[in-house]
Amino acid sequence: MSSRGGGGGGRRGGHGRGGESSGGHEGGRGRGGRGGRGRGPGGEIAAERGGHGHASRGRAGEQGGRGGDGRGRGRGGERGGHRGDAARGGRGGGGGRVQPSASQPAAVGRVGVVGEHNAQHGGVGLSRPAGQAAAPAAEVLATEVERKMVLPEADQRPPSSSATAAVDEPMKGKESQAVVAAPGSLPPLSSKAEKFPARPGFGTVGKRCRVRANHFLVQVADHDIHHYDVAIFPETRSRDRNRSIVNELVRLHRQYLDGRLPVYDGRKNIYTSGALPFKNKEFVVKLANAARGQQREEEYKVTIQHASKLDLYNLQQFLAGRHRELPQDTIQALDIALRESPAARYLSISRSFFSQSFGHGGPIGNGVECWRGYYQSLRPTQMGLSLNIDISATSFYKAQPVMDFAVEYLNMRDTSRLSDQDRLKIVNRNNYGNDSFSKEFGMKLTNQLALVDARVLPPPRLKYHDSGRDKVCDPFVGQWNMINKQGLAGKQLELLIIILPDISGSYGRIKRLCETELGVITQCCLPKNVQKGGKQYLENLSLKINVKVGGRNTVLENALCKRIPLLTDVPTIVFGADVTHPSPGEDASPSIAAVVASMDWPEVTKYKCLVSSQGPRDEIIADLYTEVKDPQKGLVAGGMIRELLVSFYKATGCKPSRIIFYRDGVSEGQFSQVLLYEMDAIRKACATLQEGYLPPVTFVVVQKRHHTRLFPENHGARDLTDRSGNILPGTIVDTKICHPSEFDFYLCSHAGIQGTSRPTHYHVLLDENRFSADALQNLTYNLCYTYARCTRSVSIVPPAYYAHLAAFRARYYMEDEFSDQGSSSATSRTHERSAPVRQLPKIKDNVKEFMFYC
């Protein structure tokens, strides 16, 4: 967790469940008040390594955040960086961008010399005021959270076979003791390190092969890197203008910089290889205003102040897996150095560069044209620092007369596809090896795609109903069909099939009316598809209808035979969760969270869904656990997790002894925050169902929006490619381009149709079930064959897929025909949080018991 300043919540990330100990000293995120981190009355600091205690009352941190009665949350951070990516920008979207002038005049000016901060970091903490007694359930919860979230110094992981025994008793029955898994051994923790589980080993199952990845190894010499804060007055919002000012300063006043070549991020940070000959100096820069025809010079005061010296040794230790604290400042400095030259040559938008010199993408209609470009990011991996290069494209308004724009605005055409070979061409074109800034910072780039060891996992065998001719099916290259096969018919026969009218906007109104007012499940069909018919269309339609009425299309044979490790040995519930956000500029619309959970065990094919609205662009799911004060009953616990756990118990007759939680839509910079708050909600929901009920949880983030691509080593090898020329479904990578020490992997679980297949990145943030690499990778891949809407393995694990479909569906309840942008990562915003969130209409009970969202 990279934060500067920060909330109170414990000095150096200890644990607090006690009296008046010393509280937030170097806090990062804090939830807690006077209790701080002590264990005993009066309270000394208990430990220096990670962990959480519980609080019933707290206050916000010293430097920022928000607090109040109940549970304060301190949130620090002057320059909190993201994990993995250096200085990641937000996602763009919507509309075109003003096209820059083809011949922009060079900035001219004069420089005059006028004259000549370390942040605190912290961990996470929850505490309780001294002397305040806790309810037994809350005390059990606090103890278990503390015990499960803290990582031990040594590896005490028992074999995976020693899973928790099944305890099939009523949810309100006698107390059961869950066996708690000890996470794997990890490098030493600092006060700031995220406590994610170590990689339990590498997978071995599957046919071995090699693939190429669009990662390029970067070697870094041992240079001293210094970070300087830069302030420009008057402030400008334009990064281009800021760069022009700083470039002019460097050009005309290099003698004051001791011959250094500084790199600048366009905002507040300058980095140099070697120290500048001053700690603090102010310059005056006069720069002509190109927007006013170079007729007037504007004067700027530029202050450069030394902030810190960055340590490359910590980076080397992190990459070697011997240090867990990500040196984000160092990676950010090197990333900015690699971006300095491209930023001067191309148009920079977020983390991508665009130029018409990369080839014209062609018009796409509405007065907008496509520009080609590339994405660039420096990432820490097992093989060392890696430069991730991917092709990209975006829209710009065309430079044309207004009347021509108005005429073209009425038309729409498709853009041409981009060539995958551009990735390698970009590296050759930018010539990073001879770049002056790369040399200044001692970086050398390997000019070839990384060759990575991979494996192709075997597909699972599928079981169909015994009434069909073919009772089992072995998929081939991620596909199969329904010929001579019979699914399990559903019990719910009330379904309305609707042929949609040609009027746009009718779909959303129909779904809202039927699912929230009438209590009827529907299947909508487009007129053109009904008229055309066809065997494939009718087959897919029947798959959707069957699951909507409670049927099951197929099931994993190993699930029925209870041969899937850590899924079928004890009752296990599989969750999927996602949050979809409104389109850019639509901050009046809420974000919508959806959580689905499996309702059948051991089959794990039927998922119940719950949805809720929350503040715009809030990524943390607010309604996982709720408490409402009732005049008669007092404090009533509720929320999505609790309701789904109770539904699982009613459907299967046993309570879950294990939870597997697939969470979609979380960026790397949000890992710690999402894990902390959402796991807290899961723990509380479980504790309210039965005293001491804390089933072990495996929390996995599912990432589809990344820029890693995998290619066959030999495109001509037919046994290693599918029909589209992509890598085979089941191709998995957990070496070289993955995290140096944490538990993550890339899985391409689907067959490509067009273009380059995008693997899904799975990152384990918590693993109390002690999954081996093979066990989790095979489970995830096998589940991809249980997606109900088609006879293909899908690209992301179905629970996460279903959650996305459900959140997308729920937006229709508020906006009849809303085009959502998907589960993009939430970004910070400036609008008032106090505005009430528009609530979703309630889905009828008889509807949400089935997979209506399919």
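The expected span of a helix is 1.5 Å times one less than its number of residues. Helices here are DSSP runs of H or I, at least four residues, numbered from the N terminus. This is a predicted model, so local features need pLDDT of at least 70 and side-chain atom pairs count only at pLDDT 80 or more, while totals for chains, interfaces and linings use all residues. Residues are numbered from 1 along each chain as its sequence is written, and side-chain values use heavy atoms, with hydrogens and water left out.

**Helix α4**
- Running over residues 328-345, α4 has 18 residues and reaches 26 Å from first C-alpha to last, close to the expected 26 Å.
- There's a kink of about 40 degrees at R339, shortly before the proline P342 (the bend is the angle between axes fitted to the seven residues ending there and the seven starting there).
- 15 of its 18 residues are buried, so α4 is largely enclosed by the rest of the structure (buried means under 20% relative accessible area, with a 1.4 Å probe and protein chains only).

**E515 in helix α8**
- E515 sits in α8, residues 506-518, and counts as buried at 0% relative accessibility.
- Its side chain makes a 2.6 Å polar contact with that of R809 (N or O atoms within 3.5 Å; within protein, one must be able to donate a hydrogen and the other to accept it, and residues adjacent in sequence count only if both atoms are side-chain atoms).
- Beyond four places in sequence, E515 touches residues including Y813, K842 and F852 (heavy atoms within 4.5 Å).

**A800 in helix α15**
- A800 belongs to α15, residues 798-812, and is buried too, at 0% relative accessibility.
- Leaving aside neighbours within four places, A800 contacts G576, D664 and V702.
- V701 is 99 residues from A800 in sequence, with 9.5 Å between their C-alphas.

How values were computed
Helices (H or I, at least four residues) and strands (E, at least two) are DSSP runs, numbered from the N terminus. Buried means under 20% relative accessible area, exposed over 50%, partly exposed in between (1.4 Å probe, protein chains only).
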